[in-house]
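Reader: I would like to learn how to read salt bridges in a model such as this one. Could we begin with the general idea and then turn to the case at hand?

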Amino acid sequence: MQMRRWKAVGLMRRILSCAICTIAMMSLLSVHLHIFPRHSKLPDPYKLPNPQIEIRDKILGNEQEQRWTSEFTPPNVFLGPLSSQQFPVWRTNCPRLWKPVPNRDYMPCTQPTPNYTAPPESRGYLLAHTNGGLNQMRAGICDMVAIARIINATLVVPELDKKSYWQDSSNFSDVFNEDHFINALANDVKVIKRLPMEMDGATKADKYFKSWSGMDYYQGEIASMWADYKVILAAKTDSRLANNNLPADIQKLRCRACYEALCFAPPIEATGKLLVDRMRSYGTYIALHLRYEKDILAFTGCTHGLSPAEADELKKIRDANDEWKVKDIDPREQRSKGFCPLTPKEAAIFLSALGYPSNTPIYIAAGEIYGGDSYMDDLRSRYPMLMSKEKLASIEELEPFANHSTQLAALDYILSVESDVFMPTYSGNMARAVEGHRRFLGHRRTISPDKKALVRLFDKIEDGTKKEGKLLSDKVIERHKKRQGSPRKRKGPIPGTKGMDRFRSEEAFYVNPLPDCLCAQSRNLNTSVS
């Protein structure tokens, strides 16, 4: 009997020893797998090129010692499902976030009508001094093309604004492809690079064209000036042509000028394409036009979240700028009406509520963010994959464009137009220009935040009466279902408005070229797709 007990004890000891050995082996195997991550020996085709490794270093910081648990993995390698912290369970429809909006078969239709003729004999020369930033100048240049056609003028390549807030010395050929611009418009308007020498001493009619003017004004008052002058100078170019009620061929010419003739200079185009390719190596991406910059905050008087010293600095900038007529601004009223750009923190809350997960690559299409990193922390904590020109390109690659804000803005424009999703935080000139271009190219997804409604939600989150989560997300998504860039006709004036306010309230032509330059495919018998 005692022998049997000893045998049972011996058997139990052997079983326990085997179990202990098994546990030890599993522990060693686990440590081995953690020390050598499964993606550390990828074949060469899956390894990132050097520019992406440089980006990694800029994002993670190459001065801090990296822990083995934060081993960098190429963005095209799937790491498995996100944790609940990264991607809450109530966000279950991620594919819809990237899916193109239905374009209802609308296609570009910019070809002239059958009655369109070659440029008539020129009656004189039209000079144009553009004003504003890149996108304000773009729209003005295209309007000058149309005006030159209306008044039978030879257009001299417009002069870019060198005196505005940005103080950029760039010439037309530094920003745009001058030869392509001239050749692409050869059947519409005669364009020359400079005024002929024999015209240098001619008396010029220096004229401020009336804003939002139509055919009667240009064919009457302006064209009548040819009787006394051979050269007319348009002192400003912004918003000088009506948005609506113009002949179809003039509207189509504006689109050909904007989307076909006015291309960026080859160095800008090449660098822009390079940066788009690098951005795409991270997958589908959002271009966030984060207009939280000193000039726009000073112009709008928006100071929410800023210190008293910063608010005072912005007021001094506004008071010193003679071009900005409104000086005394109530920042609370501005924000409550939705006139302020979203802060980086508000942009992060909004994107999160829409359902974009924290591993979403985001390109920051902007200049220097006011307040620097201190105001970017809230956005970066939610979306660490923040990219910019400076992170995607080397110093040497950006050096040709250094100190030229217009050329740097052109790079942002390219990356924004080509993005999978574009979201502006302020409806300024770039936001409107990019939105219109994306509509022209097939109604690419463009999210327009309803800032007036969002501000109320942000304030409730800030004072603790609302929490982020499914209920808030559902409300935000529902509010923005029809603000994603789907096809619709250009909005007319606000009812009840009169005079210049009526024109000012209209949706600008270049924000939405439908119906003039976009036709449903079934009706599009004469289509030019570029």
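Author: A salt bridge is a side-chain nitrogen of Lys or Arg within 4 Å of a carboxyl oxygen of Asp or Glu. Bearing in mind that this is a predicted model, the side chains of arginine 382 and glutamate 468 meet that description, with N to O at 2.6 Å. Arginine 382 belongs to helix α14 (residues 373-382), whereas glutamate 468 sits in the loop between α19 (451-462) and α20 (470-479), so the pair ties together parts that are 86 residues apart in sequence.

Reader: How many salt bridges does a search of the whole structure find?

Author: The search finds 30. One of them joins lysine 193 and glutamate 178, at 3.9 Å from N to O; because lysine 193 lies in the loop between β4 (191-192) and β5 (204-207) and glutamate 178 in helix α6 (residues 178-184), this pair links parts 15 residues apart in sequence.

Reader: Is glutamate 178 buried or exposed?

Author: Buried means under 20% relative accessible area, so glutamate 178, at 16%, counts as buried, while lysine 193, at 36%, counts as partly exposed. These two residues also belong to a network of salt bridges that includes Asp179.

Reader: Which residue forms a salt bridge with lysine 207?

Author: Glutamate 221 does, with the closest N and O atoms 3.1 Å apart. Glutamate 221 is in helix α7 (residues 215-222) and lysine 207 in strand β5, so the bridge ties together parts that are 14 residues apart in sequence. Glutamate 221 is partly exposed at 35% relative accessible area, and lysine 207 counts as partly exposed at 22%.

Methods:
Residues numbered from 1 in each chain as written. Predicted model: local features only at pLDDT ≥ 70, side-chain atom pairs only at ≥ 80, totals over all residues. Heavy atoms only, no water. Helix = DSSP H or I, 4+ residues; strand = E, 2+ residues; numbered from the N terminus. Buried < 20%, exposed > 50% of the residue type's maximum accessible area, 1.4 Å probe, protein only.
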